[in-house]
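Please open the model in your viewer and follow the stops below in order.

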Amino acid sequence: MPVTPAAALAAFSRRVAAASFLAGAMQAVLVVSVGVVLAEIALRVLGLHLPPQPIWGVLLVPVLATGWWRQRREQLDGTVAAGHLDRRLGLQGLLLCAREGQVLEPAWSAHLQERLLALPAVLPRPQWKKLLVLPMLALSLAVGTALLPAPPAQAERPQLQARTAELEKIAEQLRDLFARGDLPAESRSEIEQKVQELRQKVDAGEAPEWRDLDQLEQQLERAELLAAASREGKDGGGSGRERAGDIAQSPTPAALAKAAAALAAAGLLDDMPAPLAAGLLAAQAADGTFDPKALPQDAEGLKALAEAMAKAAGQSLGELAQQLPPGQLADLRALVEGSGLQPGEGEQEGVGRGGIDRGPGHAALDMTEDAQGGADKALALPPGLAVPQQWVPIGDRRTEPTVQPENNTTAGGAGAGGMGGATWQLQLAPRHRAVVQRFFDQTTATGRGK
Amino acid sequence: MTTMLTAAQVGRGRQLLARVQDGCNAVLLGQRDLVDMCVMALCVRGHLLLEGLPGLGKTELVKAIGRLLGLSFRRVQFTPDLLPGDITGGPILQDRGGNRQFVFQPGPLFANIVLADEINRASPKTQSALLEAMQERSVTVLGETHRLPLPFFVLATQNPIELEGTYPLPEAQLDRFLFKVEVPGVDADVMTQILTSRRRGEPPAIEKALTAAELDELFTLVDAVFLPQAVANYIARVCAATHPHRADSPAEVKKAVRFGASPRAAIAIGEAARAAALMAGRPNVDFDDVVRTARPALAHRLVLQHTAVVSGAVPAGIVRAVLDAVPAVHKPLPEVVS
């Protein structure tokens, strides 16, 4: 059957177009496969797994689009196709003439037909090796990576563990608070709900945010404060200042257990009254820690224990800075300050020792919502703390007072013997003195400072 | 839609060409390519510049062509004191019936074949006198234009080594030569053949190979050879690639060429390729014909950089690089097919 030049050119162009489409598609397969492999590896590094899904069929779109684009780009026009085919058939321009409408005499036509019969042998052949090897290799790798079994559940990360422990600690405190039964039902349900939400998050394998934990802890402290105020309100005894001191002196069993451990480490348990010391020793575990549950759970018992421990610790708190690690020293200092005593109270007055001359500050340094941008949130103060009782009126005038600040000509303070050691006592709030004193203690120990 | 040459016509054309070729080959032994180039140039009525060392048979070849074609033949030995009027002719005062008047006396240019031997020895003034003759096939003297006999060929020779006292041809004149063919030396076998077959190197006597009608027929057949569009496009791309400022020019061109080939070069290649196709027995031009004729048609039209000339670059090498760089079909097949 004779092959017309037009049919031969069409077959040639189709073959080139198909090869171009295939080349483009395979190029896209290579890129997409490499992308899939990289994505799968990245997900597995993150502990996730993305199994093959029907939606992955969308990946065919770039493959087909690239094939179409390349086929369009490499499309041959008639003249070019005729040029290539003419050379492949060895027609020496005869096909070009026929395509341009030249009338060929029978001899030339016969020669053309004879050569056109060899068309199948000269049609372009795709270079399968060049076309398929890399894309198929990448595709196999992608399929293999996607079909790998899901990675085993990762061990809980330390971060998750730490947050879970913090949540457990909060839950423990909450249980203590519930056991005392002082928490208003509204606050109780709210805190319970938050704890429950965080638990669900932990159960789902997600690490709760530290922000949520801190917020919950602060809410819990506030609730404790309110509960203490509520208890005192119910008891109805004492002045406002006494009530405020009592509230501040109501540590939790857990806090007392930590302070007791510090006290035992400092060897000060013997300075406590014998019955209380015996009770503490009974709560002491083999590893030296104290079981909060073995401590008195009632408010009176806790208060008495805290006062005794504070008194024992307060007498030599300055010396303990050399013996105890900072954490335990801070626990003791908090206990002493919470009890209304001041570090060094009861100690012998002298140079560098300092002494109580103004009493505790009138406001607690609470890092509550104010420190987190929640200044506009109302914080109900416990009864009795609204009026600072330690304010002492020094005069009553009809006119505004004249302020004439004077330089401190006696720098160093009388109590410090003019060495500057008592300056902090004159200018710092009582609650901050411990920090400053700790700093000077450390600098003394390391040979720096004064 | 036109009709291409028939196989019989192509056969006739080949026969006529073969007669001229055989005659030339009988005179000039061992120079078949050179003879083919000369015959191609004659078939398309182009001028030819032969460059070669003395004694290679340049002049003999041109004389043989004149005899074979049966055309009027003049030889002009170009020398530095040759004046334009010496080749174009000029008015001379003649006494006719008692009246004296200026009558134009044709010079040696008024012949079908003019051999300008050692053309580069003439002064530029004389060389320029050839410009109009070569391009317009006419001569203008004192405001009077005289047509030259057709066909008109200038076959010039020049010696590449004796440059002292010569005047290199200006580019404009070089451009008017269809081909510049370098006459190669011959090997020992050919020289042996020359020594044994000829006394004193005299070529054998040759007879006229073509009549005037046959020559016209040959011209007609060459003109009827079809030039396909794809091949014309190839010629154009080859010529364009000789221009150094083009982005797709080969590196050799960008480095060595100062000015590329003119459109006249493309026309010359197209015309010469027709003759080459007929010589090869085809009714149409093929890419191979372009490759065959491009080098002699392009080499003398390229103006090289001085630095390239000093560093030994030759135009023939540049043309070869261009032909290597420019694909016959302007868009190659995709890489993924073979």
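**The interface of chain B and chain A**

Begin with the salt bridges between chain B and chain A: their count is zero, a salt bridge being a side-chain nitrogen of Lys or Arg within 4 Å of a carboxyl oxygen of Asp or Glu. The model is predicted, so local features need pLDDT of at least 70 and side-chain atom pairs count only at pLDDT 80 or more, while totals for chains, interfaces and linings use all residues. Residues are numbered from 1 along each chain as written, chains are lettered from A in the order written, and side-chain values use heavy atoms, without hydrogens and water.

Next, select the 32 residues of chain B in contact with 38 residues of chain A (heavy atoms within 4.5 Å). By class, the side of chain B has 20 nonpolar, eight polar and four charged residues; Gly counts as polar, and Tyr, Cys and Pro are among the nonpolar types.

The area buried between the chains is about 2,800 Å², with 62% from carbon and sulfur atoms; this is accessible area (1.4 Å probe) lost on being put together, summed over both parts. Now highlight B:Lys331, B:Leu333 and B:Val336, which lose the most area in chain B, together 22% of what that side buries.

**The second largest pocket**

Finally, centre the view on B:Glu51, B:Lys180, B:Glu182, B:His300 and B:Pro315, the nearest to the pocket's centre among its 36 lining residues. A pocket is an open set of points on a 1 Å grid over the protein atoms alone, where a 1.4 Å probe fits, with protein on both sides within 12 Å along at least five of seven lines; lining residues have an atom within 4 Å of a point. By class, the lining has 21 nonpolar, seven polar and eight charged residues.

Methods
Buried area is the accessible area (1.4 Å probe) that two parts lose on being put together, summed over both.
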